[in-house]
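Please look over the structure shown here. The report starts at the ligand and then turns to the chain.

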Amino acid sequence: MEEALPHRAAELLGDARRVVVLTGAGISAESGVPTFRDDLTGLWARFDARELATAAAFHADPDLVWGWYEWRRTRVRRAEPNPGHLAIAAIEARIPGTTVITQNVDDLHERAGSPAPIHLHGSLFAPRCVAAAAHPATIDDAADADADAPDGEPAQPHDGRRIAPPRCTSCGTLVRPGVVWFGEMLPEAAFTAAVEAAAACDLLLAVGTSGVVYPAAEIPRIAARSGAAVIQVNPEPTPLDRVCAVNLRGTAAHVLPSLVAAAWAADPAPRS
Ligand code: BV8
(Lines give C-alpha, C1' and ligand atoms only; values in the text may rest on other atoms or scores of the structure.)
Protein backbone atom coordinates (compact mmCIF):
# COMPACT_ATOMS: atom_id res chain seq x y z
CA MET A 1 0.00 0.00 0.00
CA GLU A 2 1.50 3.34 -1.02
CA GLU A 3 1.52 6.29 1.33
CA ALA A 4 -1.40 8.67 0.87
CA LEU A 5 -0.25 10.06 -2.51
CA PRO A 6 -3.13 12.25 -3.73
CA HIS A 7 -1.52 12.59 -7.17
CA ARG A 8 -1.42 8.78 -7.51
CA ALA A 9 -5.08 8.65 -6.54
CA ALA A 10 -5.90 11.47 -8.96
CA GLU A 11 -4.08 9.59 -11.74
CA LEU A 12 -6.08 6.39 -11.00
CA LEU A 13 -9.38 8.29 -11.02
CA GLY A 14 -8.46 10.29 -14.13
CA ASP A 15 -7.69 7.07 -16.05
CA ALA A 16 -10.63 5.01 -14.72
CA ARG A 17 -13.44 3.93 -17.03
CA ARG A 18 -15.50 1.76 -14.66
CA VAL A 19 -15.64 3.14 -11.13
CA VAL A 20 -17.40 1.80 -8.04
CA VAL A 21 -17.88 4.08 -5.04
CA LEU A 22 -18.76 2.20 -1.81
CA THR A 23 -19.87 4.48 1.02
CA GLY A 24 -20.52 3.98 4.71
CA ALA A 25 -21.78 6.21 7.49
CA GLY A 26 -18.63 8.35 7.36
CA ILE A 27 -19.74 10.02 4.11
CA SER A 28 -22.75 11.49 5.94
CA ALA A 29 -20.87 12.46 9.12
CA GLU A 30 -20.09 15.97 7.82
CA SER A 31 -23.78 16.42 7.09
CA GLY A 32 -24.39 16.01 10.81
CA VAL A 33 -25.73 12.44 10.57
CA PRO A 34 -24.07 10.33 13.31
CA THR A 35 -22.17 7.22 12.28
CA PHE A 36 -22.79 3.83 13.84
CA ARG A 37 -19.74 4.16 16.02
CA ASP A 38 -20.47 7.70 17.25
CA ASP A 39 -21.65 7.70 20.83
CA LEU A 40 -25.42 7.69 20.67
CA THR A 41 -26.98 10.65 22.45
CA GLY A 42 -29.58 10.82 25.20
CA LEU A 43 -31.58 7.63 25.68
CA TRP A 44 -29.54 5.99 22.98
CA ALA A 45 -26.36 6.51 25.02
CA ARG A 46 -27.20 3.35 26.93
CA PHE A 47 -27.79 1.30 23.78
CA ASP A 48 -25.43 -0.13 21.21
CA ALA A 49 -26.71 0.73 17.73
CA ARG A 50 -26.00 -2.82 16.68
CA GLU A 51 -28.40 -4.03 19.37
CA LEU A 52 -31.16 -1.65 18.30
CA ALA A 53 -30.72 -2.53 14.60
CA THR A 54 -32.16 -6.02 14.99
CA ALA A 55 -35.54 -7.68 14.45
CA ALA A 56 -35.33 -9.01 18.02
CA ALA A 57 -35.05 -5.47 19.43
CA PHE A 58 -38.02 -4.33 17.33
CA HIS A 59 -40.23 -7.23 18.39
CA ALA A 60 -39.17 -6.79 22.02
CA ASP A 61 -39.90 -3.05 22.06
CA PRO A 62 -41.36 -1.73 18.79
CA ASP A 63 -41.98 1.77 20.21
CA LEU A 64 -38.34 2.19 21.26
CA VAL A 65 -36.89 0.96 17.96
CA TRP A 66 -39.43 2.82 15.80
CA GLY A 67 -38.70 5.94 17.89
CA TRP A 68 -34.97 5.53 17.16
CA TYR A 69 -35.58 5.28 13.42
CA GLU A 70 -37.97 8.24 13.47
CA TRP A 71 -35.31 10.23 15.35
CA ARG A 72 -32.74 9.26 12.69
CA ARG A 73 -35.19 9.99 9.87
CA THR A 74 -35.92 13.49 11.12
CA ARG A 75 -32.19 14.15 11.54
CA VAL A 76 -31.60 13.06 7.94
CA ARG A 77 -34.49 15.17 6.65
CA ARG A 78 -32.87 18.20 8.29
CA ALA A 79 -29.41 17.37 6.94
CA GLU A 80 -27.99 18.47 3.61
CA PRO A 81 -25.65 16.55 1.29
CA ASN A 82 -22.05 17.64 1.90
CA PRO A 83 -19.22 18.27 -0.61
CA GLY A 84 -18.31 14.58 -0.37
CA HIS A 85 -21.72 13.52 -1.69
CA LEU A 86 -21.52 16.21 -4.38
CA ALA A 87 -18.04 15.07 -5.47
CA ILE A 88 -19.35 11.52 -5.92
CA ALA A 89 -22.21 12.81 -8.06
CA ALA A 90 -19.60 14.74 -10.10
CA ILE A 91 -17.66 11.50 -10.68
CA GLU A 92 -20.86 9.84 -11.92
CA ALA A 93 -21.53 12.76 -14.26
CA ARG A 94 -17.99 12.56 -15.55
CA ILE A 95 -17.65 8.77 -15.87
CA PRO A 96 -20.90 7.15 -17.07
CA GLY A 97 -19.60 3.74 -16.02
CA THR A 98 -19.77 4.65 -12.32
CA THR A 99 -21.80 2.68 -9.76
CA VAL A 100 -22.51 4.08 -6.31
CA ILE A 101 -23.11 1.43 -3.63
CA THR A 102 -24.06 2.60 -0.15
CA GLN A 103 -24.48 0.91 3.22
CA ASN A 104 -26.28 4.02 4.42
CA VAL A 105 -30.04 4.23 4.87
CA ASP A 106 -30.18 8.00 4.35
CA ASP A 107 -31.09 9.69 1.04
CA LEU A 108 -28.18 12.14 0.87
CA HIS A 109 -26.62 10.56 -2.24
CA GLU A 110 -29.93 10.95 -4.08
CA ARG A 111 -30.30 14.53 -2.89
CA ALA A 112 -26.73 15.26 -4.07
CA GLY A 113 -27.67 14.14 -7.59
CA SER A 114 -26.62 10.50 -7.67
CA PRO A 115 -29.29 8.95 -9.92
CA ALA A 116 -29.56 5.41 -8.57
CA PRO A 117 -27.33 4.45 -5.65
CA ILE A 118 -27.53 0.77 -4.71
CA HIS A 119 -28.76 0.59 -1.09
CA LEU A 120 -27.35 -2.62 0.38
CA HIS A 121 -29.03 -2.02 3.75
CA GLY A 122 -32.32 -0.43 2.74
CA SER A 123 -33.63 3.03 3.47
CA LEU A 124 -35.14 5.09 6.28
CA PHE A 125 -37.70 6.26 3.72
CA ALA A 126 -39.08 2.90 2.63
CA PRO A 127 -40.98 1.49 5.63
CA ARG A 128 -42.59 -1.88 5.02
CA CYS A 129 -45.06 -4.22 6.63
CA VAL A 130 -43.91 -6.92 9.01
CA ALA A 131 -46.27 -9.32 7.19
CA ALA A 132 -44.54 -12.23 5.52
CA ALA A 133 -45.18 -10.92 2.01
CA ALA A 134 -43.61 -7.63 3.07
CA HIS A 135 -44.83 -4.86 0.81
CA PRO A 136 -44.10 -1.15 0.98
CA ALA A 137 -46.26 0.18 3.78
CA THR A 138 -48.69 3.03 3.24
CA ILE A 139 -48.57 5.30 6.23
CA ASP A 140 -51.05 8.07 6.78
CA ASP A 141 -49.68 11.62 7.11
CA ALA A 142 -50.38 11.79 10.84
CA ALA A 143 -47.72 9.16 11.57
CA ASP A 144 -45.26 11.01 9.40
CA ALA A 145 -46.04 14.32 11.07
CA ASP A 146 -45.33 12.64 14.40
CA ALA A 147 -41.65 12.87 13.60
CA ASP A 148 -41.71 16.68 13.92
CA ALA A 149 -42.30 18.31 17.26
CA PRO A 150 -44.74 21.24 17.05
CA ASP A 151 -41.91 23.80 17.36
CA GLY A 152 -40.28 22.43 14.24
CA GLU A 153 -37.46 20.81 16.16
CA PRO A 154 -36.99 17.12 15.28
CA ALA A 155 -38.80 14.84 17.69
CA GLN A 156 -36.33 13.62 20.28
CA PRO A 157 -37.61 10.23 21.40
CA HIS A 158 -34.58 10.10 23.70
CA ASP A 159 -36.45 12.67 25.85
CA GLY A 160 -38.46 9.66 27.01
CA ARG A 161 -41.15 9.77 24.36
CA ARG A 162 -41.40 6.45 22.52
CA ILE A 163 -43.15 6.41 19.17
CA ALA A 164 -45.53 3.56 18.41
CA PRO A 165 -45.01 2.25 14.88
CA PRO A 166 -48.03 2.91 12.66
CA ARG A 167 -50.14 0.20 11.03
CA CYS A 168 -50.22 -0.23 7.29
CA THR A 169 -53.36 1.45 5.93
CA SER A 170 -53.71 -1.20 3.24
CA CYS A 171 -53.23 -4.42 5.23
CA GLY A 172 -53.39 -3.32 8.85
CA THR A 173 -50.20 -5.06 9.97
CA LEU A 174 -47.44 -3.36 11.92
CA VAL A 175 -45.03 -1.23 9.93
CA ARG A 176 -41.27 -1.66 10.38
CA PRO A 177 -38.29 0.38 9.15
CA GLY A 178 -37.35 -0.60 5.59
CA VAL A 179 -33.76 -1.35 6.58
CA VAL A 180 -31.71 -4.58 6.73
CA TRP A 181 -31.13 -5.51 10.35
CA PHE A 182 -28.24 -7.56 11.67
CA GLY A 183 -28.99 -11.22 11.05
CA GLU A 184 -31.20 -10.38 8.03
CA MET A 185 -30.36 -11.15 4.41
CA LEU A 186 -29.46 -8.26 2.13
CA PRO A 187 -31.84 -7.55 -0.77
CA GLU A 188 -30.73 -10.10 -3.35
CA ALA A 189 -30.95 -7.87 -6.42
CA ALA A 190 -29.01 -5.06 -4.73
CA PHE A 191 -26.25 -7.33 -3.47
CA THR A 192 -25.94 -9.15 -6.81
CA ALA A 193 -25.66 -5.84 -8.68
CA ALA A 194 -23.05 -4.62 -6.19
CA VAL A 195 -20.93 -7.76 -6.52
CA GLU A 196 -21.12 -7.63 -10.32
CA ALA A 197 -20.08 -3.97 -10.38
CA ALA A 198 -17.17 -4.62 -8.00
CA ALA A 199 -15.95 -7.57 -10.07
CA ALA A 200 -16.01 -5.51 -13.28
CA CYS A 201 -14.61 -2.16 -12.14
CA ASP A 202 -11.10 -0.85 -12.66
CA LEU A 203 -11.24 1.45 -9.61
CA LEU A 204 -13.12 1.23 -6.31
CA LEU A 205 -13.34 4.16 -3.88
CA ALA A 206 -14.15 3.01 -0.32
CA VAL A 207 -15.39 6.10 1.52
CA GLY A 208 -16.26 6.40 5.21
CA THR A 209 -16.77 2.78 6.11
CA SER A 210 -15.29 0.79 8.97
CA GLY A 211 -15.19 -2.23 6.67
CA VAL A 212 -16.30 -4.66 9.38
CA VAL A 213 -19.91 -5.49 8.51
CA TYR A 214 -20.42 -8.35 6.08
CA PRO A 215 -21.26 -9.09 3.37
CA ALA A 216 -20.91 -5.35 2.41
CA ALA A 217 -17.28 -5.38 3.59
CA GLU A 218 -16.59 -8.02 0.94
CA ILE A 219 -17.23 -5.54 -1.90
CA PRO A 220 -13.81 -3.79 -1.86
CA ARG A 221 -12.11 -7.17 -1.49
CA ILE A 222 -13.95 -8.50 -4.57
CA ALA A 223 -12.77 -5.47 -6.54
CA ALA A 224 -9.16 -5.91 -5.40
CA ARG A 225 -9.22 -9.64 -6.21
CA SER A 226 -10.55 -8.78 -9.68
CA GLY A 227 -7.57 -6.54 -10.33
CA ALA A 228 -9.10 -3.15 -9.57
CA ALA A 229 -7.21 -0.48 -7.65
CA VAL A 230 -8.84 0.39 -4.32
CA ILE A 231 -8.59 3.90 -2.88
CA GLN A 232 -9.79 4.40 0.68
CA VAL A 233 -10.97 7.75 2.10
CA ASN A 234 -11.15 7.61 5.89
CA PRO A 235 -9.53 9.61 8.72
CA GLU A 236 -8.91 6.34 10.59
CA PRO A 237 -7.26 3.03 9.70
CA THR A 238 -9.66 0.16 8.89
CA PRO A 239 -9.30 -3.52 7.93
CA LEU A 240 -9.58 -2.33 4.32
CA ASP A 241 -6.12 -0.72 4.60
CA ARG A 242 -4.53 -3.98 3.51
CA VAL A 243 -6.39 -4.14 0.17
CA CYS A 244 -5.89 -0.47 -0.76
CA ALA A 245 -3.57 0.78 -3.47
CA VAL A 246 -3.81 4.27 -1.95
CA ASN A 247 -5.05 5.32 1.48
CA LEU A 248 -6.22 8.94 1.72
CA ARG A 249 -6.30 9.76 5.44
CA GLY A 250 -8.88 12.47 5.69
CA THR A 251 -12.59 13.26 5.69
CA ALA A 252 -14.85 12.75 2.71
CA ALA A 253 -15.98 16.38 2.46
CA HIS A 254 -12.36 17.52 2.20
CA VAL A 255 -10.60 14.72 0.34
CA LEU A 256 -13.15 13.90 -2.37
CA PRO A 257 -13.55 17.41 -3.87
CA SER A 258 -9.77 17.84 -4.09
CA LEU A 259 -9.37 14.35 -5.57
CA VAL A 260 -11.94 15.13 -8.26
CA ALA A 261 -10.36 18.52 -8.99
CA ALA A 262 -6.89 16.97 -9.26
CA ALA A 263 -8.09 14.08 -11.44
CA TRP A 264 -9.40 16.37 -14.12
CA ALA A 265 -7.25 19.49 -13.60
CA ALA A 266 -5.63 19.03 -16.99
CA ASP A 267 -8.83 17.92 -18.69
CA PRO A 268 -11.83 19.71 -17.20
CA ALA A 269 -14.24 18.80 -20.02
CA PRO A 270 -16.35 15.72 -19.15
CA ARG A 271 -16.00 12.77 -21.52
CA SER A 272 -18.84 12.30 -23.98
C1 BV8 B 1 -26.17 -11.20 7.01
C2 BV8 B 1 -28.87 -0.87 8.37
C3 BV8 B 1 -26.71 -13.38 6.30
C4 BV8 B 1 -29.63 -0.72 9.66
C5 BV8 B 1 -26.83 -2.10 8.91
C6 BV8 B 1 -24.05 -13.71 13.56
C7 BV8 B 1 -25.37 -13.87 13.15
C8 BV8 B 1 -25.85 -13.31 11.99
C9 BV8 B 1 -25.01 -12.58 11.20
C10 BV8 B 1 -23.72 -12.39 11.61
C11 BV8 B 1 -23.21 -12.95 12.77
N12 BV8 B 1 -21.89 -12.60 12.88
C13 BV8 B 1 -21.55 -11.82 11.82
C14 BV8 B 1 -22.65 -11.71 11.05
C15 BV8 B 1 -22.76 -10.97 9.87
C16 BV8 B 1 -23.24 -9.57 10.25
C17 BV8 B 1 -21.99 -8.75 10.56
O18 BV8 B 1 -21.23 -8.47 9.66
N19 BV8 B 1 -21.80 -8.40 11.84
C20 BV8 B 1 -20.62 -7.62 12.19
C21 BV8 B 1 -20.96 -6.74 13.37
C22 BV8 B 1 -19.48 -8.57 12.49
N23 BV8 B 1 -23.94 -9.09 9.10
C24 BV8 B 1 -25.26 -9.24 9.01
O25 BV8 B 1 -25.98 -9.62 9.90
C26 BV8 B 1 -25.82 -8.90 7.64
N27 BV8 B 1 -26.66 -9.98 7.21
O28 BV8 B 1 -25.02 -11.53 7.25
O29 BV8 B 1 -27.12 -12.06 6.53
C30 BV8 B 1 -27.00 -14.13 7.56
C31 BV8 B 1 -28.30 -14.12 8.04
C32 BV8 B 1 -28.58 -14.86 9.17
C33 BV8 B 1 -27.56 -15.58 9.81
C34 BV8 B 1 -26.26 -15.53 9.34
C35 BV8 B 1 -25.96 -14.80 8.21
C36 BV8 B 1 -26.66 -7.65 7.69
C37 BV8 B 1 -25.77 -6.49 8.05
C38 BV8 B 1 -26.56 -5.19 7.84
C39 BV8 B 1 -26.88 -4.55 9.17
N40 BV8 B 1 -27.50 -3.23 8.93
N41 BV8 B 1 -27.42 -0.93 8.62
C42 BV8 B 1 -29.51 0.66 10.24
O43 BV8 B 1 -28.87 1.54 9.61
O44 BV8 B 1 -30.07 0.87 11.32
S45 BV8 B 1 -25.18 -2.15 9.19
C46 BV8 B 1 -24.58 -0.59 9.57
O47 BV8 B 1 -23.36 -0.77 10.25
C48 BV8 B 1 -24.18 0.21 8.37
O49 BV8 B 1 -25.12 0.10 7.36
C50 BV8 B 1 -22.84 -0.32 7.98
O51 BV8 B 1 -22.92 -1.37 7.07
C52 BV8 B 1 -22.34 -0.93 9.27
C53 BV8 B 1 -21.06 -0.26 9.76
O54 BV8 B 1 -21.28 1.04 9.68
P55 BV8 B 1 -20.30 1.98 8.74
O56 BV8 B 1 -21.09 2.47 7.62
O57 BV8 B 1 -19.01 1.33 8.42
O58 BV8 B 1 -20.11 3.07 9.76
P59 BV8 B 1 -19.32 2.99 11.07
O60 BV8 B 1 -20.01 3.91 11.98
O61 BV8 B 1 -19.07 1.58 11.48
O62 BV8 B 1 -17.92 3.57 10.62
C63 BV8 B 1 -17.87 4.87 10.06
C64 BV8 B 1 -16.53 4.98 9.39
O65 BV8 B 1 -16.44 6.29 8.82
C66 BV8 B 1 -15.37 4.86 10.35
O67 BV8 B 1 -14.34 4.06 9.77
C68 BV8 B 1 -14.89 6.31 10.52
O69 BV8 B 1 -13.48 6.38 10.73
C70 BV8 B 1 -15.24 6.90 9.19
N71 BV8 B 1 -15.53 8.34 9.21
C72 BV8 B 1 -16.04 9.08 10.22
N73 BV8 B 1 -16.17 10.37 9.80
C74 BV8 B 1 -15.76 10.41 8.49
C75 BV8 B 1 -15.35 9.12 8.12
N76 BV8 B 1 -14.90 8.84 6.88
C77 BV8 B 1 -14.83 9.84 6.00
N78 BV8 B 1 -15.21 11.12 6.27
C79 BV8 B 1 -15.67 11.43 7.51
N80 BV8 B 1 -16.04 12.69 7.80
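A backbone N or O atom of Gly-26 sits 3.4 Å from a nitrogen atom of the ligand. The model is predicted. At Gly-183 the backbone takes part, with an N or O atom 2.7 Å from a ligand oxygen atom. The ligand on its own has 1,500 Å² of accessible area, and the protein covers 75% of it.

## The shell

The ligand is surrounded by 34 residues. Arg-37, Tyr-69, Arg-72, Gln-103 and Gly-183 are the closest. By class, the shell holds 17 nonpolar, 11 polar and six charged residues. Helix H2 (26-29) supplies at least two of the shell residues, and so does helix H5 (62-77).

## Thr-35

Thr-35 belongs to the loop between H2 and helix H3 (49-52). Is Thr-35 buried or exposed? Thr-35 is buried, because its relative accessible area is 13%, under the 20% cut-off.

A polar atom of the Thr-35 side chain lies 3.2 Å from the backbone nitrogen of Arg-37. Leaving out residues up to four places away in sequence, Thr-35 touches Ala-25, Gly-26 and Ala-29. Gly-26 in turn places a backbone N or O atom 3.4 Å from a ligand nitrogen. Ser-210 is 175 residues from Thr-35 along the chain, yet their C-alpha atoms are 10.0 Å apart.

## Cysteines

How many disulfides does the structure hold? The count is zero. Cys-168 has its closest cysteine sulfur in Cys-129, at 3.4 Å, which is too far for a bond.

Cys-168 is buried, with 3% relative accessible area. Cys-244 is buried as well, at 5%.

## The chain as a whole

The secondary structure consists of 11 helices and eight strands. The chain has 272 residues, and 50% of them count as buried. Among contacts with a separation of 6 or more, 71% join residues 24 or more positions apart. The chain exposes about 12,200 Å², of which carbon and sulfur atoms supply 57%.

Notes
Residues numbered from 1 in each chain as written. Predicted model: local features only at pLDDT ≥ 70, side-chain atom pairs only at ≥ 80, totals over all residues. Heavy atoms only, no water. Near = heavy atom within 4 Å. Polar contact = N/O pair within 3.5 Å; in protein donor to acceptor, adjacent residues only side chain to side chain. Areas by Shrake-Rupley, 256 points an atom, 1.4 Å probe, with all protein chains shown as cover. Helix = DSSP H or I, 4+ residues; strand = E, 2+ residues; numbered from the N terminus. Nonpolar A, V, L, I, M, F, W, Y, C, P; charged D, E, K, R; others polar. Buried < 20%, exposed > 50% of the residue type's maximum accessible area, 1.4 Å probe, protein only. Contact = heavy atoms within 4.5 Å. Disulfide = S-S within 2.5 Å.
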